[in-house]
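Student: I have a structure to look at. Can we go through what its labels mean?

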Amino acid sequence: MSEQVVEAAGGVVVRDGLVAVVHRPRYDDWSLPKGHLDPGEGFEEAALREVREETGLRCRITRELGETRYRDGRGRPKVVRWFAMEVVGGAFAPNDEVDELRWLAPAEASELLSYPSDRELVARV
(Lines give C-alpha, C1' and ligand atoms only; values in the text may rest on other atoms or scores of the structure.)
Protein backbone atom coordinates (compact mmCIF):
# COMPACT_ATOMS: atom_id res chain seq x y z
CA MET A 1 0.00 0.00 0.00
CA SER A 2 1.42 3.37 -0.97
CA GLU A 3 1.85 6.19 1.51
CA GLN A 4 -0.74 8.96 1.66
CA VAL A 5 0.74 12.05 0.01
CA VAL A 6 0.23 15.34 1.86
CA GLU A 7 -1.07 17.92 -0.63
CA ALA A 8 -0.38 21.62 -0.29
CA ALA A 9 -0.33 24.74 -2.46
CA GLY A 10 1.33 28.12 -2.31
CA GLY A 11 2.07 31.34 -4.06
CA VAL A 12 4.96 33.42 -5.25
CA VAL A 13 3.31 36.80 -4.74
CA VAL A 14 4.74 39.65 -6.82
CA ARG A 15 4.00 43.38 -6.55
CA ASP A 16 5.93 46.05 -8.43
CA GLY A 17 8.69 43.56 -9.22
CA LEU A 18 9.11 42.59 -5.55
CA VAL A 19 8.41 39.18 -4.00
CA ALA A 20 6.53 38.61 -0.72
CA VAL A 21 8.61 36.55 1.74
CA VAL A 22 7.11 35.54 5.09
CA HIS A 23 8.61 34.69 8.48
CA ARG A 24 6.98 31.81 10.35
CA PRO A 25 7.85 31.99 14.06
CA ARG A 26 6.79 28.35 14.63
CA TYR A 27 9.67 27.22 12.40
CA ASP A 28 11.80 30.39 12.63
CA ASP A 29 12.18 30.31 8.86
CA TRP A 30 11.66 32.59 5.88
CA SER A 31 9.52 31.06 3.18
CA LEU A 32 6.83 31.59 0.59
CA PRO A 33 3.21 31.43 1.77
CA LYS A 34 1.69 27.96 1.44
CA GLY A 35 -0.47 25.43 3.22
CA HIS A 36 -2.43 22.19 3.10
CA LEU A 37 -5.50 21.64 0.97
CA ASP A 38 -8.81 21.49 2.82
CA PRO A 39 -11.08 18.52 2.04
CA GLY A 40 -12.62 18.92 -1.41
CA GLU A 41 -10.43 21.91 -2.24
CA GLY A 42 -8.40 22.23 -5.45
CA PHE A 43 -4.78 23.36 -5.63
CA GLU A 44 -5.52 26.84 -7.06
CA GLU A 45 -8.28 27.50 -4.52
CA ALA A 46 -6.02 26.35 -1.67
CA ALA A 47 -3.10 28.50 -2.87
CA LEU A 48 -5.26 31.64 -2.96
CA ARG A 49 -6.80 30.88 0.45
CA GLU A 50 -3.47 30.11 2.12
CA VAL A 51 -1.86 33.29 0.75
CA ARG A 52 -4.85 35.30 2.00
CA GLU A 53 -4.76 33.63 5.45
CA GLU A 54 -1.01 34.04 5.93
CA THR A 55 -0.51 37.47 4.36
CA GLY A 56 -3.90 39.22 4.35
CA LEU A 57 -3.45 39.77 0.59
CA ARG A 58 -6.12 38.98 -1.96
CA CYS A 59 -4.43 37.78 -5.12
CA ARG A 60 -5.09 36.41 -8.54
CA ILE A 61 -3.10 33.61 -10.15
CA THR A 62 -1.12 34.62 -13.21
CA ARG A 63 0.42 31.22 -14.02
CA GLU A 64 1.40 27.86 -12.58
CA LEU A 65 5.05 27.45 -11.53
CA GLY A 66 5.21 23.69 -11.02
CA GLU A 67 5.55 21.61 -7.89
CA THR A 68 8.00 20.63 -5.21
CA ARG A 69 8.13 17.19 -3.58
CA TYR A 70 9.79 16.28 -0.31
CA ARG A 71 9.18 14.53 3.00
CA ASP A 72 7.62 16.71 5.67
CA GLY A 73 8.74 16.96 9.29
CA ARG A 74 6.84 13.75 10.09
CA GLY A 75 8.47 11.83 7.24
CA ARG A 76 5.37 11.82 5.03
CA PRO A 77 5.65 12.42 1.28
CA LYS A 78 4.44 15.93 0.42
CA VAL A 79 3.67 17.69 -2.84
CA VAL A 80 3.25 21.47 -3.07
CA ARG A 81 1.90 23.04 -6.26
CA TRP A 82 3.01 26.63 -6.75
CA PHE A 83 1.44 29.57 -8.55
CA ALA A 84 2.69 33.02 -9.52
CA MET A 85 0.27 35.63 -8.16
CA GLU A 86 -0.33 39.34 -8.25
CA VAL A 87 -1.98 41.38 -5.51
CA VAL A 88 -5.50 42.70 -6.11
CA GLY A 89 -6.19 43.96 -2.57
CA GLY A 90 -5.75 43.52 1.15
CA ALA A 91 -2.93 44.34 3.53
CA PHE A 92 -0.59 42.37 5.78
CA ALA A 93 -1.27 42.05 9.48
CA PRO A 94 0.78 39.75 11.75
CA ASN A 95 -1.08 36.56 12.69
CA ASP A 96 -0.59 33.17 14.39
CA GLU A 97 1.28 31.68 11.42
CA VAL A 98 3.22 34.66 10.06
CA ASP A 99 4.69 37.48 12.13
CA GLU A 100 6.50 39.39 9.37
CA LEU A 101 6.22 39.92 5.62
CA ARG A 102 8.94 41.54 3.54
CA TRP A 103 8.72 42.77 -0.05
CA LEU A 104 12.10 42.03 -1.59
CA ALA A 105 13.79 42.13 -4.97
CA PRO A 106 14.15 38.56 -6.28
CA ALA A 107 17.91 38.46 -5.52
CA GLU A 108 17.33 39.68 -1.94
CA ALA A 109 14.47 37.21 -1.49
CA SER A 110 16.72 34.36 -2.62
CA GLU A 111 19.33 35.33 -0.02
CA LEU A 112 16.77 35.43 2.80
CA LEU A 113 14.70 32.34 1.96
CA SER A 114 15.47 29.30 4.12
CA TYR A 115 14.84 26.60 1.50
CA PRO A 116 16.55 25.96 -1.86
CA SER A 117 13.23 24.96 -3.47
CA ASP A 118 11.78 28.40 -2.59
CA ARG A 119 14.79 30.10 -4.15
CA GLU A 120 14.24 28.11 -7.36
CA LEU A 121 10.61 29.25 -7.48
CA VAL A 122 11.57 32.91 -7.10
CA ALA A 123 14.00 32.50 -10.00
CA ARG A 124 11.06 31.37 -12.19
CA VAL A 125 9.20 34.65 -11.75
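Student: Why is Ser31 called buried?

Tutor: Buried means under 20% relative accessible area, with over 50% exposed and partly exposed in between (1.4 Å probe, protein chains only). Ser31 has 0% relative accessibility, so Ser31 counts as buried. This is a predicted model: local features need pLDDT of at least 70, side-chain atom pairs count only at pLDDT 80 or more, and totals for chains, interfaces and linings use all residues. Residues are numbered from 1 along each chain as its sequence is written, and side-chain values use heavy atoms, without hydrogens and water.

Student: Which residues does Ser31 touch, not counting residues up to four places away in sequence?

Tutor: Contact means heavy atoms within 4.5 Å. By that rule Ser31 touches Val21, Val22, Arg24, Leu113, Tyr115 and Asp118.

Student: What makes the link between the side chains of Ser31 and Arg24 a polar contact?

Tutor: A polar contact is a pair of N or O atoms within 3.5 Å; within protein, one must be able to donate a hydrogen and the other to accept it, and residues adjacent in sequence count only if both atoms are side-chain atoms. The side chains of Ser31 and Arg24 are joined at 3.4 Å, so the pair qualifies.

Student: Where does Ser31 lie?

Tutor: Ser31 lies in strand E3, residues 29–31. Strands (E, at least two residues) are DSSP runs, numbered from the N terminus.

Student: How far apart are the C-alpha atoms of Ser31 and Ser117?

Tutor: They are separated by 9.8 Å, and the two residues are 86 residues apart along the chain.

Methods:
Helix = DSSP H or I, 4+ residues; strand = E, 2+ residues; numbered from the N terminus.
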